[in-house]
Amino acid sequence: MNTRPLKAAVLGCGVVGTEVVRRLHETRAALADRVGAPIDIAGIAVRDLERPRDLGVDPALLTNDPLELVKRDDVDIVVELLGGIEPARSLIVAAMEHGASVVSANKALLGEYGSVLHETAARHGVDLFYEASVAAAIPLLRPLRDSLGGDDVTRVAGIINGTTNYILDRMTETGGEFDAALREAVERGYAEADPTADVEGTDAAAKAVILASLAFHTWISPADVYREGITGVTAEDVADAGRQDCVVKLIAILERAGGQHGIQARVHPAMVPRTHPLADVKGADNAVVVQAAGAGQLLFRGAGAGGIPTASAVVGDVVTAARKRLLGHQETFTRATATGRGIPMRELRSRFHLSVRVRDSTAALDDIASALRMNDVRVDSVQRRHTAETDTWVLVTEESRESDLLSVVNSIAALPSVAGRPRFMRILEPVAHSAVVG
Ligand SMILES: NC(=O)C1=CN([C@@H]2O[C@H](COP(=O)(O)OP(=O)(O)OC[C@H]3O[C@@H](n4cnc5c(N)ncnc54)[C@H](OP(=O)(O)O)[C@@H]3O)[C@@H](O)[C@H]2O)C=CC1
Ligand SMILES: N[C@@H](CC=O)C(=O)O
């Protein structure tokens with residue numbers, strides 16, 4: 001091999017960056033064989049130069065001046081693992097302006113600025129890869145973009161946040177508390193620097209935007225994604241789900257709807273029947289079911305967070321970028337062609353699990369029945385749960401318009417026979433079912 005070594009600048013050396021640096025360093029010879037040239041680390045940008053780091057590389061590679069690093073003429077590939085919007089966005093743009101290809105795991109940035117960053121990459125004739133940004137180690141974006149590029153994807157549904165899956169799994173398996181499970185997820189390196197993004201569903205919503213761009217060739221905005229996090233999910237909700245032979249999961253669903261470039265995108269907790277392929281996804285794993293016209297139903301499943309699994313996808317992108325670099329190719333595949341229209345949640349059809357605490361059981365049942373009739377919502381099942389402390393009616397509705405279901409919730413909340421606002425959760429439909437009104 002007599003090709004010049006390629007140079008990669010790594011921005012960020014936290015949970016993911018540390019494992020990327022280790023992998024690039026420790027498997028340098030094997031990667032060189034696969035690529036056709038060695039990939040050397042040009043520098044590693046961090047915030048705090050004093051922090052002890054066990055990387056096994058020359059400490060002189062560390063710098064706290066990422067801009068100087070990305071502007072270096074000898075850098076071929078910039079690997080952005082800082083997280084957040086700024087300075088990540090400006091550094092990526094500077095890297096592209098200086099002719100470097102970019103690999104990133106930053107879903108927050110790509111969800112917000114993916115379309116613009118692709119245009120910048122194309123303008124400067126460089127590549128932009130971000131396989132690790134959705135579902136970490138699971139090869140998902142490349143299959144959507146390439147292998148399914150000739151098919152028509154109609155629906156993408158899955159678990160795309162490891163932290164919330166870890167928390168909900170702990171709550172299901174051990175009856176454990178939300179806060180303790182979140183602390184564990186942070187300690188294990190699954191959570192974002194600010195875990196609010198995980199538990200409020202913002203992280204999953206950004207990933208949903210990226211998935212929509214590749215599955216439907218259409219960019220939507222994170223604001224188009226209906227979003228509910230898991231902070232309101234209680235041990236009682238988890239127990240209710242168990243009684244229905246379901247588990248609670250934070251689910252992302254994307255569907256084509258409402259004509260050309262219409263996309264219904266949502267992230268919310270749902271009761272998932274135990275027979276559903278998403279129900280037994282454990283810990284910080286992710287799983288995504290893709291429905292395509294020709295390919296049918298495809299399931300992608302594996303590690304959805306954590307330093308080592310995420311580094312696998314990042315280094316995979318570095319290898320691809322390095323190969324392209326040597327061949328003098330730039331990939332143009334990733335530019336979605338259209339800007340989409342988000343379809344509002346109220347146009348969707350759902351089934352609700354409703355849990356209504358009552359003051360007067362008989363009167364409440366009559367009142368609830370008339371609230372359902374008034375909004376044209378029918379129920380599949382009604383059960384009374386009576387303990388020394390509480391008296392509760394549990395209803396599972398038939399599939400109805402979201403707007404009608406929410407009216408039912410509001411009407412029930414106002415009834416004098418009812419104690420407080422009913423708790424409700426959507427029930428995930430079987431995988432082949434499309435619940436969107438066209
Ligand atoms: N953790 C995970 O499981 C996954 C994470 N991701 C994404 O990967 C990216 C990195 O995540 P993660 O490794 O967990 O994050 P960390 O918070 O662990 O690491 C961030 C790193 O960036 C450095 N950094 C932050 N700001 C600056 C700055 N202004 N200048 C120089 N260095 C800076 C920090 O430096 P210092 O060390 O000095 O503090 C740290 O090394 C994020 O976009 C995240 O969303 C994607 C998939 C999975
Ligand atoms: N915080 C994220 C990390 C991976 O994308 C998650 O928990 O999924």
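**Domains 1 and 2**

I started with the spacing of two domains in this predicted model: the centres of domain 1 and domain 2, taken over C-alpha atoms, are 26 Å apart. Next I looked up who takes part in the contact, and found 19 residues from domain 1 and 24 residues from domain 2. On the domain 1 side, helix 5 (residues 107-124) gives the largest share, with seven residues. I also sorted that side by class: 10 residues are nonpolar, six polar and three charged.

For my own orientation I noted the bounds. Domain 1 covers 6-136 + 308-336, domain 2 covers 141-303, and a domain 3 spans 345-427.

**Ligand 1**

Then I turned to ligand 1. Which domains supply its shell? I found at least three residues from each of domain 1 and domain 2. The shell holds 28 residues, and those that come nearest are Gly 12, Gly 14, Val 16, Asp 48 and Gly 83. By class I got 15 nonpolar, eight polar and five charged residues.

**Ligand 2**

My last stop was ligand 2. The residues around it include Asn 161, Gly 162 and Thr 163, then Tyr 190, Ala 191 and Glu 192. I also listed Asp 198 and Asp 203, along with Ala 136, Gly 304 and Ala 305. How does this shell divide by class? I read off four nonpolar, four polar and three charged residues.

Note on methods
Residues numbered from 1 in each chain as written. Chains lettered and ligands numbered in written order. Predicted model: local features only at pLDDT ≥ 70, side-chain atom pairs only at ≥ 80, totals over all residues. Near = placed C-beta within 6 Å. Nonpolar A, V, L, I, M, F, W, Y, C, P; charged D, E, K, R; others polar. Domains from an automatic or database assignment. Contact = placed C-beta atoms within 7 Å. Helix = DSSP H or I, 4+ residues; strand = E, 2+ residues; numbered from the N terminus.
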